[in-house]
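Dear colleague,

Please find below the structure I promised to pass on, together with its sequence.

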Amino acid sequence: MVVNFWLFHNGFSIGIGDTIAGPKVMSYITQRIREKKQQIVEIIDDAYHDQLKPIPGMTIRESFESKVRVAED
């Protein structure tokens, strides 16, 4: 009874409508995803055409992975 009383007065819930982003947020998210995909395509293109320069202390593969990881952030 105590737990039920506490939950009744202090608990909360959310509905499915609370988890759907609005149009402005969805537009922003879509734009950011598009930009990041383009950055990664450019990195892949550089690697494919042997234009990717290794980061000091890393192999080409490590440099590629590092650049893709940074582009994702």
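**Helix α2 and what covers it**

The 26 residues of α2 should span 38 Å at 1.5 Å a residue, and its end C-alpha atoms are 37 Å apart, which agrees; the expected span of a helix is taken here as 1.5 Å times one less than its number of residues. Helices (H or I, at least four residues) and strands (E, at least two) are DSSP runs, numbered from the N terminus. Please bear in mind that this is a predicted model, in which local features need pLDDT of at least 70 and side-chain atom pairs count only at pLDDT 80 or more, while totals for chains, interfaces and linings use all residues. Residues are numbered from 1 along each chain as its sequence is written, and side-chain values use heavy atoms, with hydrogens and water left out.

The buried residues of α2 are Lys36, Ile40 and Ile43, where buried means under 20% relative accessible area, exposed over 50%, and partly exposed in between (1.4 Å probe, protein chains only). What covers these buried residues includes α3. Pro23, which also has its place in helix α2, counts as exposed because its relative accessibility is 72%.

**The loop after α2**

Asp50 lies in the loop between α2 and α3, and just after α2 this residue takes a positive phi of about 60°, a positive value in a residue other than glycine. At 70% relative accessibility, Asp50 counts as exposed.

**Helix α3**

Helix α3 covers residues 60–72, and its 13 residues should span 18 Å at 1.5 Å a residue; the end C-alpha atoms are 18 Å apart, which agrees. The buried residues of α3 are Ser63, Ser66, Val68 and Ala71, and they pack against α2 (23–48).

Ser63, in helix α3, counts as buried because its relative accessibility is 0%; not counting residues up to four places away in sequence, Ser63 touches Lys53, Pro54, Ile55 and Met58, a contact being heavy atoms within 4.5 Å. Ser66, found in helix α3 as well, is buried with a relative accessible area of 16%, and, leaving aside its neighbours within four places in sequence, Ser66 is in contact with Ile55 and Met58. Pro23 and Ser63 are 40 residues apart along the chain, and their C-alpha atoms are separated by 37 Å.

**The chain as a whole**

The protein chain has three helices and zero strands, and from the N terminus on its elements run α-α-α. Its C-alpha trace spans about 70 × 30 × 15 Å along the principal axes. The radius of gyration of the protein chain is 23 Å, whereas a compact globule of 73 residues would have one near 11 Å (taken over C-alpha atoms, with a globule rule of 2.2 Å times the number of residues to the power 0.38). Buried residues make up 11% of the 73 residues.

As for charge, the protein chain has 9 positive and 10 negative side chains, and the centres of the two sets lie 4 Å apart; Lys and Arg count as positive and Asp and Glu as negative, while His and the chain ends are not counted.

Technical notes. The place of a charge is taken as NZ of Lys, CZ of Arg, CG of Asp or CD of Glu.
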